[in-house]
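Here is a set of questions and answers on how names are given to features of a protein model. Each answer sets a value against a cut-off and then draws the conclusion.

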Amino acid sequence: MKLSVFTVATPDFTPEELAKAAATAGITGIEWRFKDIPADAVGQKPSFWGNNLCSIDPASSDAELERFKQAALNENLVNLSITPYLNDCNVAETEHVFKAAQKIGVPFIRVGVPGYDKSKNYNDLFAKAVDYLHHVQELSQQYGVKGLVETHHNTITASAGLAHRLVSGFKPEHIGVLHDAGNMVHEGFENHRMGLELLGPYLAHVHVKNAAWTLSGEEQDGIKLWKSEWAPIDAGIVNWKQVLGDLKAVGYDGYLGIEDFSGQFGSQEMLNNFSAKVKQWLA
């Protein structure tokens, strides 16, 4: 297995700085965040989802896309993906991402799935997602880039099982799953080995992060309430040494992408720590 970094987790680095830092840490692939910076965040302190200096603006010119592509190539790194936020399942926006992905030369992108907040019936959202993925599959064939559905809390693919139900009607060479055990701490936990076995050929990428549950200090009708929060990769609910063993057991040999949101380390320290820990657990 190889190591990559999703640049949402390194908001204080420019693309060139990120590529050098990744190479120093022994990380060989880059997943570029594909999102504009909100107008009210410009000039603020760098942050994961605000003023992220390592994001590709969807309105970027070809020259600007080339900058990101070359930032990785100049350090002998792989441009692994561009990762947008497409949960409205807008086909035109998705094709725009496919076009950018083809120009940068990445093998896959993250595609959208509907969010779930109880306001709409799951079955209606599932039907919407299936229709959307038919378009995604056609775009994947057209542009030569695979579309990945992520296991993510507050969506209709919170678990590996729900993700498999959605993608199982499509061709795994065009539609796959990004497995994220850290997200599944918040919602969607299943036995990870079982979920990975179920995904089979649809398992295309893995994100590595962690989260933990703590008492919130609040009560509702006499019940103490809990909350889930991000944690360092070695200090949360996910036993990553065990999950890496599960990945080996199912024959996964792709990338492990760091996406640490704990905020407890500077970006270079986080990358170094991630690389050292994962290599130790894989040994």
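Predicted model: local features only at pLDDT ≥ 70, side-chain atom pairs only at ≥ 80, totals over all residues.

Q: What makes Phe 261 buried or exposed?
A: Phe 261 has a relative accessible area of 8%, and because the cut-off for buried is under 20%, Phe 261 counts as buried.

Q: Why is the aromatic pair of Trp 49 and Phe 261 called tilted?
A: The structure holds 7 aromatic pairs, and one of them joins Trp 49 and Phe 261, with 4.7 Å centre to centre and 55° between the planes. Centres within 6.5 Å make a pair, and because planes under 30 degrees apart count as stacked and over 60 as edge-to-face, the rest being tilted, the angle of 55° gives a tilted pair. Trp 49 is in the loop between strand S2 (29–34) and strand S3 (55–56), whereas Phe 261 is in the loop between strand S11 (255–258) and helix H9 (267–282), so this pair links parts of the chain that are 212 residues apart.

Q: What makes the pair of Trp 230 and Phe 261 edge-to-face?
A: These two rings lie 5.4 Å centre to centre, with 70° between the planes, and because an angle over 60 counts as edge-to-face, that is the name for the pair of Trp 230 and Phe 261. Trp 230 lies in strand S10 (residues 223–231) and Phe 261 in the loop between S11 and H9, so the pair ties together parts that are 31 residues apart in sequence. Phe 48, Trp 49, Trp 230 and Phe 261 form one aromatic cluster.

Q: How do you know that a charge sits over the ring of Phe 126?
A: The charged end of Arg 165 is placed over that ring, 4.0 Å from the centre, and the distance part of the rule asks for CZ of Arg within 6 Å of the ring centre. Likewise, Lys 2 lies over the face of Tyr 255, at 5.0 Å from the ring centre.

Q: Why is H4 called oblique to H5?
A: The axes of helix H4 (residues 122–143) and helix H5 (residues 160–167) come within 10 Å and cross at roughly 55°. Angles under 35 degrees count as roughly parallel and 65 to 115 as roughly perpendicular, so an angle between these ranges is oblique, and that makes H4 oblique to H5. Where they meet, Tyr 122, Phe 126, Ala 129, Val 130 and Leu 133 in H4 face Leu 162, Arg 165 and Leu 166 in H5, and by class this contact has 7 nonpolar, no polar and 1 charged residues.

Q: What makes Ser 140 buried or exposed?
A: Ser 140 lies in helix H4, and its relative accessible area of 3% is under 20%, so Ser 140 is buried.

Q: Why does Asn 154 count as exposed?
A: Asn 154, in the loop between strand S6 (146–150) and H5, has 51% relative accessibility, and because exposed means over 50%, Asn 154 counts as exposed.

Terms used:
Residues numbered from 1 in each chain as written. Heavy atoms only, no water. Phe/Tyr/Trp six-rings, centres within 6.5 Å; stacked < 30°, edge-to-face > 60°. Helix = DSSP H or I, 4+ residues; strand = E, 2+ residues; numbered from the N terminus. Buried < 20%, exposed > 50% of the residue type's maximum accessible area, 1.4 Å probe, protein only. Lys NZ or Arg CZ within 6 Å of the ring centre and 35° of its normal. Axes fitted to C-alpha atoms, helices over the stretch in contact; angles between N-to-C directions. Parallel < 35°, antiparallel > 145°, perpendicular 65-115°, else oblique. Contact = heavy atoms within 4.5 Å. Nonpolar A, V, L, I, M, F, W, Y, C, P; charged D, E, K, R; others polar.
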